[in-house]
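I opened this notebook to record which charged side chains pair with one another. The entries below follow the order in which I looked them up.

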Amino acid sequence: MSNRLLEISNLKTYFFVDNQQIPAVNGVDLFINEGETLGIVGESGCGKSVTSLSVMGLLGHTPGKVVDGSIRFKDSDLLTLPEDKMRKIRGNEIAMIFQEPMTSLNPVYKIGQQIGEAVRLHLKYDKKKTREHVINMLKLVGIPRAEEIIDEFPHQLSGGMRQRVMIAMAMSCNPTLLIADEPTTALDVTIQAQILEIMKKVKQEKGTAMMLITHDLGVVAEMCDRIVVMYAGKVVEEADVFELFENPKHPYTKGLLNSVPKLGLKSERLTSIPGNVPTPANMPKGCKFAPRCIEVMEICKTEDPELSQISNGHQCRCFLYEDEFVKEAK
């Protein structure tokens, strides 16, 4: 998996609200190889979803704007493409499963109409072939009675069924990159497992690369090849999935892993990270995690560390490992 499919460099996405410039994403660098699943994890408000919306070019109806950086997909910089060319890529080569299927599906259109729209637009199928293709996609994601479901409305389906429809819609044009934003949020554990199995099946059959955005480390462990940990609009650690779980470096990553309840381990209270995530409009000086960090040093309060390499494929943004960076460089 050495071929780069997507490469994001120094991405900065700011929101302009009440004469303020609020950095939601502030210098993000990441990449996805062909056929690879990249997990992006972090607490709410860390910039995960804004990064995905920046890639899809879906900030037009918000106060958000990409102010710097590049997003290269194959041979094109998505940020410089005109809207008509971006429209040909969106839904066709890059597709997205949104966080909440009930609000993402249009309540007044039937399931078949909503999936079929992209099929007719990108694949140029006629009405009969479009219907056949949509039924096949519904069957692929495990929807029973696909021939009947295609003529039903979103409110007639359960949450798990609607999420399956979202996956079918995203995969209907065989995209090379699938962005899944919290695809199992608000679903019960059994349905969650089924959705993840469907996504695995789709990836294996189609060879699709994935950007999986989640706060669930269990989902990441099961689905991903590499992990990017984000905090306050920046990448704080990046590593292979096995390396990150076995050898986490950043204090924030350690805090996330320690806060996961462990089966069979009795404890009076769960471990948590002290403090709260800073708001984008009121970021602390220096390292953004310093006010919550149990290993904070004086330099952390005034200077922001760079994202540096610890070992092959493992990067961390922390002054604790500055000596390791120097040794590695030598």
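**Salt bridges**

I first looked up Lys-200 and Glu-222, whose side chains meet in a salt bridge at 3.4 Å, N to O; the term denotes a side-chain nitrogen of Lys or Arg within 4 Å of a carboxyl oxygen of Asp or Glu. This pair links distant parts of the chain, with Lys-200 in helix α8 (residues 189–206) and Glu-222 in helix α9 (residues 217–223), 22 residues apart. Helices are DSSP runs of H or I with at least four residues, numbered from the N terminus.

I note that the model is predicted: local features need pLDDT of at least 70, side-chain atom pairs count only at pLDDT 80 or more, and totals for chains, interfaces and linings use all residues. Residues are numbered from 1 along each chain as its sequence is written, and side-chain values use heavy atoms, with hydrogens and water left out.

I then checked accessibility. Lys-200 is partly exposed at 24% relative accessible area, and Glu-222 is partly exposed at 39%; buried means under 20%, exposed over 50%, and partly exposed in between (1.4 Å probe, protein chains only).

Next I looked up Arg-131 and Asp-151, which form a salt bridge at 2.9 Å, N to O. Arg-131 lies in helix α5 (residues 127–140) and Asp-151 in the loop between α6 (146–149) and α7 (159–171), so the pair ties together parts 20 residues apart in sequence. Arg-131 is partly exposed at 37%, as is Asp-151 at 36%.

I also recorded a salt bridge between Glu-148 and Arg-145 at 2.7 Å, N to O.

Finally, I found Glu-36, Arg-226 and Glu-238 linked in a network of salt bridges. The count comes to 18 salt bridges.

Key: Helix = DSSP H or I, 4+ residues; strand = E, 2+ residues; numbered from the N terminus.
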